[in-house]
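Hello,

Here is the structure I said I would pass on. Please look at it first, then read the notes below it.

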Amino acid sequence: MPRYAKKTDSNQKEIIEWLEVYGCQVDRLHQGDNLPDLLVCYDEWVLIEVKPTLTDSIQRNQIQWLANAGGYAGVVVNKDEALLLAQNPGMHALTLQQRENLTQWLIRNPKQTKLSVNQFREVIK
């Protein structure tokens, strides 16, 4: 069990409200560990990691979780990205190739503890 409660990202409430307006079921995953922030269903379930800006950090353990996720998962910074991911995870969630890119980054960079969202997006290109 984590020592401290997980901090809620400043834009998470707005994103949740936006998704609910469009008919999504949204569950907050306040686990304080490396699980993504939200479990969302429009037609299919998707795990969403929310970050307030493109310069905010994704921690290494979160990157590792996303690389190994068995279902749909992705990282968003605003309500429009979240809605696109929720409504069409097959088009907007991490692909197998992107997950492999993350795995390769983890192997090549064993001492790096985090990436900004911008850096994360460069790795998965």
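This is a predicted model: local features need pLDDT of at least 70, side-chain atom pairs count only at pLDDT 80 or more; totals for chains, interfaces and linings use all residues.

Residues are numbered from 1 along each chain as its sequence is written, and side-chain values use heavy atoms, with hydrogens and water left out.

Strand 5 covers residues 73–76; strands (E, at least two residues) and helices (H or I, at least four) are DSSP runs numbered from the N terminus. Ala73 and Val75 on one side of strand 5, and Gly74 and Val76 on the other, are all buried. Buried means under 20% relative accessible area, with exposed over 50% and partly exposed in between (1.4 Å probe, protein chains only). Strand 5 pairs with strand 3 (residues 45–50) in the parallel sense, over four bridges; pairing takes at least two DSSP bridges. Opposite glycine 74 stands isoleucine 48.

In helix 2 (residues 60–68), Arg60, Ile63, Gln64, Leu66 and Ala67 meet Arg99, Leu102, Thr103, Trp105 and Leu106 of helix 5, where contact means heavy atoms within 4.5 Å. These contact residues divide into six nonpolar, two polar and two charged. Nonpolar covers Ala, Val, Leu, Ile, Met, Phe, Trp, Tyr, Cys and Pro; charged covers Asp, Glu, Lys and Arg; the others, Gly among them, are polar.

Asparagine 101 also lies in helix 5. It is buried, at a relative accessible area of 17%. Leaving aside neighbours within four places in sequence, asparagine 101 is in contact with Val123, Ile124 and Lys125.

Regards
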